[in-house]
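Open the structure in your viewer and keep the selection tool at hand. The tour goes from one selection to the next and says what is there.

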Amino acid sequence: MKLKHAFFIILIILIIDQWSKIYIKTNFMLNEKVEVFSWFQILFIENEGAAWGTKIPGEYGKLFLTLFRIVAVFGIGYWLVDSIKKKQPNILIVSIALILAGALGNIIDSVFYGVIFDHSYGNIATLFSDNPYGTLLHGKVVDMFYFPLIDTQLPNWIPFWGGERFRFFEPVFNLADAAISVAVGLLIVFHRKAFPKK
């Protein structure tokens, strides 16, 4: 696979990811949702931290996370270019391109959204607002896809968790997250093709 093909994959993911996030940000208030099916909802939330909403504590936690993501993107970019030069298997190159696209998609939110949008609390955000909600490198990542495939109450006879509510799949995510997850899935399923023994 050539570098231009990998860049095309990255560009398509980035365009769709950013379009969907900007659309949600400028048409939904925070926590507003639309039920598409009983098992699929569009639910607008913002993620201040890393995966699963994890936050790094402290005054500079968010800044550290954003800078770490930027450094990681350079590392992933190098891995992609090096893999193409070494003519590695296409499944590996596609997976790296998906990971890079996902990482870039969320970095754009973290770096720029704080200075181009106002807040979404009880308010539909304005793009290029005169009163932005944050500062450069302190933006929040927009998430919107929610798949509560199972939403039930556990039977009382189950030890420890009996009677409690059980929901699967709980996380809310975006296209960038999905691209990374698909890439990891491809690398797990096709690991022998991606990393052939010489």
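Helices (H or I, at least four residues) and strands (E, at least two) are DSSP runs, numbered from the N terminus. The expected span of a helix is 1.5 Å times one less than its number of residues. This is a predicted model, in which local features need pLDDT of at least 70, side-chain atom pairs count only at pLDDT 80 or more, and totals for chains, interfaces and linings use all residues. Residues are numbered from 1 along each chain as its sequence is written, and side-chain values use heavy atoms, with hydrogens and water left out.

Select residues 3–27, which form helix 1. With 25 residues at 1.5 Å a residue, helix 1 should span 36 Å, and its end C-alpha atoms are 36 Å apart, so the two agree.

Now colour the buried residues of helix 1, among them I10, I13, L14 and I24. Buried means under 20% relative accessible area, exposed over 50%, and partly exposed in between (1.4 Å probe, protein chains only). Their cover includes helix 2 (61–85) and helix 3 (90–116).

Next, select D143 and D177, listed by UniProt under "active site" in an unreviewed entry. They are spread over 35 residues of sequence, yet they cluster in space, with a largest C-alpha distance of 8.9 Å. UniProt positions are given in the numbering used here, feature names are shortened, and annotations may be inferred rather than shown by experiment.

Is D143 buried or exposed? D143 is buried, at 3% relative accessible area, and lies in strand 3. D177, in helix 4, is partly exposed at 22%. Leaving aside residues up to four places away in sequence, D177 touches N106 and D143; contact means heavy atoms within 4.5 Å.
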